[in-house]
Amino acid sequence: MSFDEMREADKGVREAYKAYGRWLETVPTERLIEKHQQADLIFKRLGITFAVYNNDEGSERLIPFDIIPRILDANEWKIVGSGVCQRVRAINAFLDDIYHEQHILRAGRIPADLVLNNPCFRPEVLGLDLPRNVYVHIAGIDVVRVSATDFYVLEDNARVPSGVSYMLENRETMMRLFPELFASHPVAPVNHYPEILLRTLRSSAPPGVVEPTVVVLTPGFYNSAYFEHAFLAMQMGVDLVEGQDLFVEDDLVYMRTTDGPKRVDVIYRRIDDDFIDPLAFDAASVLGVPGLLSVVRNGRVVLANAIGTGVADDKAIYCFVPDMIDFYLGEKPIIKNVPTFRLSNAEDRAYVLDNLEELVVKEVGGSGGYGMLVGPASTSEQRFDFRNKILADPDNFIAQPTLSLSTCPTLVEAGVAPRHVDLRPYVLTGETTTVVPGGLTRVALREGSLVVNSSQGGGTKDTWVLEA
């Protein structure tokens, strides 16, 4: 049975939800529905949509938003916040190591071929020294809960994690709709995230740069996360640029402006490695900046996140993050990994193939809920297809037990009912590693579903962390 974050087994309300629960009991369902409709109008006016692939209804949808918040008390958040920061510190140490001395590989704590033959490992940045040794400036760590004190990390997003704009807009919308609740609940703020992000980016500037110029580099209007790119640039008060707006000259990166070229020092890039520099990676790319890698290597511009971070959010590498925490920090993980089977291992593979109906199988480079099999919800035909995929390329898959994700109260057609959730806190690393209290709660709106991704029918909630 799933852990209910609002209600105890005897149906009593848990401490974090007590004040909200009393309020909720007094509110007619009709008013909640009316507020939900108002939230939809707000999101439509803002143009907050996301791309849906392989869908007959069109490629753009409104983000489903649930008006009932997820609430964590200070002690619950302490576990989550300290756990994800610990994890990101270890991941940054790992990336700095594998692109330099490779101590962890020499010690045999992680199989060298798993790293060095990984498609996201970038030999082009071997030996590259970065300010403060930070590779992952912005991380999104996906966390699930199974009991009052047990949290697990599902995956690490260390390349170009998305969704933080939804966290901010969810909070703004809730404050518009329910100002009385924020007056009666000590909810920790999240609206200072853009300020912390800008400070993080500026602190990562090349040595000697006193007043760094920061830009957000987007693939352009047709990208599924373009709203977020434009939103964050506006909130930080920096320029949103495309590859064609930047150029390299005299080993520096410049931005074209109406006042002439302006040097750029830090690029918050929302473009994958393959497309960032056509001279170094995909020659057909028209999204990146020719010659950018050479400027990065010479320490004259900083990319956030750095090239080559994708190796750290590969789902096969995920298995070894507890080893990273021990190896680099000398600590035990505050938040555990989900037990994981690596299908490149013959014994693991045999077990998984015999138990597909009980497990979740994922592609090591997959994201967005695509390329995965949820065993308990699968058909025999789907399991047959996945069996063949695994046998054809076992290195490309991992498997995990089906966790019973915690549930939170959610407004659905039948009224308020529990639905499964996860949480993506956003961790920023510059002078320090920090996390804004809250994050993006994603909710599986379909009854019984464990898949929370928006692309798979999930929605989002505002996440309240109550200050002590």
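Colleague: Which residues line the largest cavity?

Modeller: Arg70, Leu72, Val80, Val143, Val144, Arg145, Phe151 and Leu423 line the largest cavity. The model is predicted, so local features need pLDDT of at least 70 and side-chain atom pairs count only at pLDDT 80 or more, while totals for chains, interfaces and linings use all residues. Residues are numbered from 1 along each chain as its sequence is written, and side-chain values use heavy atoms, with hydrogens and water left out.

Colleague: What makes this space a cavity, and what makes a residue part of the lining?

Modeller: On a 1 Å grid over the protein atoms alone, a cavity is a set of points where a 1.4 Å probe fits but cannot get out, and a lining residue has an atom within 4 Å of a point. Searching the whole structure gives one cavity of 30 Å³ or more. The largest cavity holds about 30 Å³, a volume being the space filled by probe spheres set on the points, which are joined across faces, edges and corners.

Colleague: Which elements give two or more residues to that lining?

Modeller: They are β3 (65-72) and β4 (138-145), where strands (E, at least two residues) and helices (H or I, at least four) are DSSP runs numbered from the N terminus. β4 has the largest share, three residues.

Colleague: Why are α2 and α6 called oblique to each other?

Modeller: The axes of α2 (29-46) and α6 (164-177) cross at roughly 135° and come within 11 Å. Axes are lines fitted to C-alpha atoms over the stretch in contact, and angles run from 0 to 180 degrees between N-to-C directions. Under 35 degrees is roughly parallel, over 145 roughly antiparallel, 65 to 115 roughly perpendicular, and the rest oblique. α2 and α6 are therefore oblique. Residues in contact, meaning heavy atoms within 4.5 Å, include Ala39, Ile42 and Phe43 of α2 and Asn170 and Thr173 of α6. That contact divides into five nonpolar, three polar and three charged residues.

Colleague: What makes α3 and α13 roughly perpendicular?

Modeller: The axes of α3 (74-98) and α13 (321-329) come within 9 Å and cross at roughly 80°. α3 and α13 are therefore roughly perpendicular to each other. Among the residues in contact are Ala90 and Phe94 of α3 and Met324 and Phe327 of α13. The classes here are 10 nonpolar, one polar and three charged.

Colleague: At what angle do α8 and α9 pack?

Modeller: α8 (193-203) and α9 (226-236) pack at about 80°, with axes 9 Å apart. That makes α8 roughly perpendicular to α9. The contact includes Leu197 and Leu201 of α8 and Leu232 of α9, and by class has seven nonpolar, one polar and no charged residues.

Colleague: How do you know that the peptide bond from alanine 304 to asparagine 305 is cis or trans?

Modeller: Omega is near 0°, and the bond is cis. Asparagine 305 sits in the loop between β12 (302-304) and α12 (315-318).

Colleague: What is phi of lysine 11?

Modeller: Phi of lysine 11 is near 75°, positive in a residue other than glycine. Lysine 11 lies in the segment before α1 (18-26). Most residues other than glycine have a negative phi, and most peptide bonds are trans.

Note on methods. 1 Å grid on protein atoms, 1.4 Å probe; cavity = no way out; pocket = protein on both sides within 12 Å on 5 of 7 lines; lining within 4 Å. Nonpolar A, V, L, I, M, F, W, Y, C, P; charged D, E, K, R; others polar.
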